[in-house]
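Please look over the model below together with these notes. They are numbered so that each point can be checked on its own.

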Amino acid sequence: MSNSQEGDKQPQCSAGTFGAYRNIPEDSLPYIEGFLAPVPSDKKEEYLEFNRKAAPLFKDIGVARMVECWGDDLMRGKHTDFYKAVDAKEGETVVFSWMEYPDKAARDAAYAKMDNDPRFEALGAMPMDGKRMIFSGFQPIFDTDGKLA
(Lines give C-alpha, C1' and ligand atoms only; values in the text may rest on other atoms or scores of the structure.)
Protein backbone atom coordinates (compact mmCIF):
# COMPACT_ATOMS: atom_id res chain seq x y z
CA MET A 1 0.00 0.00 0.00
CA SER A 2 1.30 3.46 -0.87
CA ASN A 3 2.03 6.11 1.75
CA SER A 4 0.57 8.82 -0.48
CA GLN A 5 -3.03 9.79 -1.07
CA GLU A 6 -4.30 9.83 -4.62
CA GLY A 7 -3.34 13.15 -6.18
CA ASP A 8 -0.64 13.79 -3.54
CA LYS A 9 2.37 15.20 -5.43
CA GLN A 10 4.82 15.03 -2.53
CA PRO A 11 7.73 12.56 -2.76
CA GLN A 12 7.34 9.60 -0.44
CA CYS A 13 9.83 7.32 1.28
CA SER A 14 9.63 4.64 3.93
CA ALA A 15 9.98 7.34 6.59
CA GLY A 16 7.05 9.31 5.13
CA THR A 17 6.88 12.69 3.46
CA PHE A 18 10.01 14.76 2.88
CA GLY A 19 8.11 18.02 3.21
CA ALA A 20 5.62 20.28 1.54
CA TYR A 21 7.52 21.47 -1.53
CA ARG A 22 6.31 24.67 -3.12
CA ASN A 23 7.57 27.48 -5.27
CA ILE A 24 8.50 30.70 -3.53
CA PRO A 25 9.83 33.91 -5.07
CA GLU A 26 13.61 33.82 -5.60
CA ASP A 27 14.03 37.18 -3.86
CA SER A 28 12.69 35.72 -0.62
CA LEU A 29 15.14 32.78 -0.49
CA PRO A 30 17.70 32.66 2.32
CA TYR A 31 21.37 33.09 1.50
CA ILE A 32 24.03 30.79 2.93
CA GLU A 33 27.68 31.61 3.63
CA GLY A 34 29.61 28.35 3.98
CA PHE A 35 32.98 27.90 5.69
CA LEU A 36 35.65 25.21 6.06
CA ALA A 37 38.52 25.78 8.48
CA PRO A 38 41.29 23.78 10.14
CA VAL A 39 41.23 24.19 13.92
CA PRO A 40 43.80 22.73 16.34
CA SER A 41 42.03 19.79 17.96
CA ASP A 42 43.17 20.86 21.41
CA LYS A 43 41.55 24.29 20.88
CA LYS A 44 37.97 23.02 20.47
CA GLU A 45 36.71 24.73 23.63
CA GLU A 46 38.51 27.97 22.73
CA TYR A 47 36.95 27.84 19.26
CA LEU A 48 33.51 27.20 20.73
CA GLU A 49 33.89 30.04 23.24
CA PHE A 50 35.03 32.43 20.49
CA ASN A 51 31.88 31.61 18.51
CA ARG A 52 29.64 31.97 21.55
CA LYS A 53 30.98 35.51 21.97
CA ALA A 54 30.76 36.29 18.25
CA ALA A 55 27.23 34.94 17.68
CA PRO A 56 25.36 37.91 19.21
CA LEU A 57 27.46 40.30 17.12
CA PHE A 58 26.66 38.39 13.95
CA LYS A 59 22.98 38.41 14.88
CA ASP A 60 23.17 42.19 15.34
CA ILE A 61 24.46 42.67 11.80
CA GLY A 62 21.87 40.43 10.14
CA VAL A 63 22.84 36.76 10.49
CA ALA A 64 19.64 34.77 11.04
CA ARG A 65 21.36 31.51 11.98
CA MET A 66 24.95 30.48 12.68
CA VAL A 67 25.99 26.81 12.80
CA GLU A 68 29.43 25.41 13.74
CA CYS A 69 30.11 21.70 13.10
CA TRP A 70 33.19 19.95 14.49
CA GLY A 71 34.60 17.30 12.11
CA ASP A 72 33.64 13.87 13.40
CA ASP A 73 33.62 11.34 10.56
CA LEU A 74 35.70 12.89 7.78
CA MET A 75 36.82 10.52 5.07
CA ARG A 76 40.28 10.79 3.54
CA GLY A 77 40.14 10.89 -0.25
CA LYS A 78 42.72 9.95 -2.83
CA HIS A 79 42.27 13.13 -4.88
CA THR A 80 40.42 15.53 -2.60
CA ASP A 81 38.77 15.71 0.79
CA PHE A 82 37.98 18.20 3.56
CA TYR A 83 41.50 17.90 5.01
CA LYS A 84 43.15 18.72 1.69
CA ALA A 85 40.73 21.58 1.00
CA VAL A 86 42.13 23.53 3.99
CA ASP A 87 45.59 21.93 4.16
CA ALA A 88 44.80 20.53 7.62
CA LYS A 89 47.87 19.46 9.56
CA GLU A 90 48.34 16.62 12.05
CA GLY A 91 46.46 17.52 15.22
CA GLU A 92 43.88 19.70 13.44
CA THR A 93 40.18 19.09 12.98
CA VAL A 94 38.22 20.45 10.03
CA VAL A 95 35.24 22.59 10.98
CA PHE A 96 32.28 23.04 8.65
CA SER A 97 30.17 26.10 9.37
CA TRP A 98 27.47 28.16 7.81
CA MET A 99 25.63 31.38 8.36
CA GLU A 100 22.13 31.92 7.07
CA TYR A 101 20.96 35.37 6.02
CA PRO A 102 17.46 36.40 4.96
CA ASP A 103 18.84 37.09 1.46
CA LYS A 104 22.04 38.00 -0.39
CA ALA A 105 21.49 41.74 0.15
CA ALA A 106 21.46 41.12 3.93
CA ARG A 107 24.75 39.21 3.64
CA ASP A 108 26.32 42.02 1.63
CA ALA A 109 25.11 44.60 4.16
CA ALA A 110 26.48 42.47 7.02
CA TYR A 111 29.96 42.56 5.46
CA ALA A 112 29.88 46.36 5.38
CA LYS A 113 28.66 46.51 9.00
CA MET A 114 31.33 44.06 10.16
CA ASP A 115 34.11 46.16 8.62
CA ASN A 116 32.95 49.18 10.61
CA ASP A 117 32.03 47.52 13.92
CA PRO A 118 34.84 47.70 16.53
CA ARG A 119 33.23 44.86 18.52
CA PHE A 120 34.52 42.36 15.98
CA GLU A 121 38.11 43.52 16.39
CA ALA A 122 37.64 43.37 20.17
CA LEU A 123 36.94 39.61 19.88
CA GLY A 124 40.65 39.10 19.22
CA ALA A 125 42.27 36.47 17.08
CA MET A 126 40.37 33.36 16.08
CA PRO A 127 41.88 30.18 17.57
CA MET A 128 42.76 28.84 14.11
CA ASP A 129 44.75 29.68 11.00
CA GLY A 130 42.36 31.98 9.13
CA LYS A 131 44.62 31.96 6.07
CA ARG A 132 43.56 28.36 5.40
CA MET A 133 39.85 28.99 5.96
CA ILE A 134 37.76 28.91 2.80
CA PHE A 135 34.34 30.48 2.50
CA SER A 136 31.84 31.48 -0.14
CA GLY A 137 28.21 32.41 -0.62
CA PHE A 138 25.56 29.97 -1.80
CA GLN A 139 22.02 30.35 -3.09
CA PRO A 140 19.90 27.39 -1.93
CA ILE A 141 18.20 25.48 -4.73
CA PHE A 142 16.61 22.62 -2.76
CA ASP A 143 15.44 22.23 0.83
CA THR A 144 13.41 19.35 2.30
CA ASP A 145 12.02 21.73 4.93
CA GLY A 146 9.33 22.77 2.48
CA LYS A 147 10.84 26.14 1.62
CA LEU A 148 12.21 25.41 -1.84
CA ALA A 149 10.88 23.57 -4.86
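1. Leaving aside its neighbours within four places in sequence, Met75 is in contact with Asp81 and Tyr83, where contact means heavy atoms within 4.5 Å. Met75 lies in the loop between strand 4 and helix 2, and this residue is exposed, with a relative accessible area of 68%. On this scale buried means under 20% relative accessible area, exposed means over 50%, and partly exposed is in between, with a 1.4 Å probe and protein chains only.

2. Please keep in mind that this is a predicted model, in which local features need pLDDT of at least 70 and side-chain atom pairs count only at pLDDT 80 or more, while totals for chains, interfaces and linings use all residues. Residues are numbered from 1 along each chain as its sequence is written, and side-chain values use heavy atoms, with hydrogens and water left out.

3. The chain has four helices and six strands, and along the sequence they follow the pattern β-β-β-α-β-α-β-α-α-β. Helices (H or I, at least four residues) and strands (E, at least two) are DSSP runs, numbered from the N terminus. Of the 149 residues, 30% count as buried, and among contacts between residues at least 6 apart in sequence, 81% join residues at least 24 apart.

4. Which residues of the largest nonpolar core touch the most other members? Of its 13 residues, they are Phe58, Ile61, Val63, Met99, Tyr101 and Phe120. The elements that give two or more residues to this core are strand 3, helix 1, strand 5 and helix 3, and the largest share, four residues, comes from helix 1. A nonpolar core is here a set of buried Ala, Val, Leu, Ile, Met, Phe, Trp, Tyr and Cys residues joined through side-chain atoms within 4.5 Å.

5. Tyr101 deserves a separate look: leaving aside neighbours within four places in sequence, Tyr101 is in contact with Pro30, Tyr31, Glu33, Gly62, Val63, Ala64, Ala106, Arg107 and Ala110. Glu100, which lies in strand 5, is in contact, with the neighbours within four places again left aside, with Pro30, Tyr31, Ile32, Val63, Ala64 and Arg65. Glu100 is partly exposed, with a relative accessible area of 21%. Glu100 and Gly34 are 66 residues apart in sequence and 8.9 Å apart in space, C-alpha to C-alpha.

6. The largest pocket has a volume of about 520 Å³, and of the 25 residues that line it, the closest to its centre are Phe35, Phe58, Met99, Met126 and Met133. On a 1 Å grid over the protein atoms alone, a pocket is an open set of points where a 1.4 Å probe fits, with protein on both sides within 12 Å along at least five of seven lines, and lining residues have an atom within 4 Å of a point. The volume is the space filled by probe spheres set on the points, which are joined across faces, edges and corners. Helix 1 (44–60) is among the elements that each supply at least two lining residues, and the largest share, five residues, comes from helix 1.

7. Asp87 is placed in the loop between helix 2 (82–85) and strand 5, and this residue has a positive phi of about 50 degrees although it is not a glycine. Most residues other than glycine have a negative phi. Asp87 is partly exposed, with a relative accessible area of 42%.
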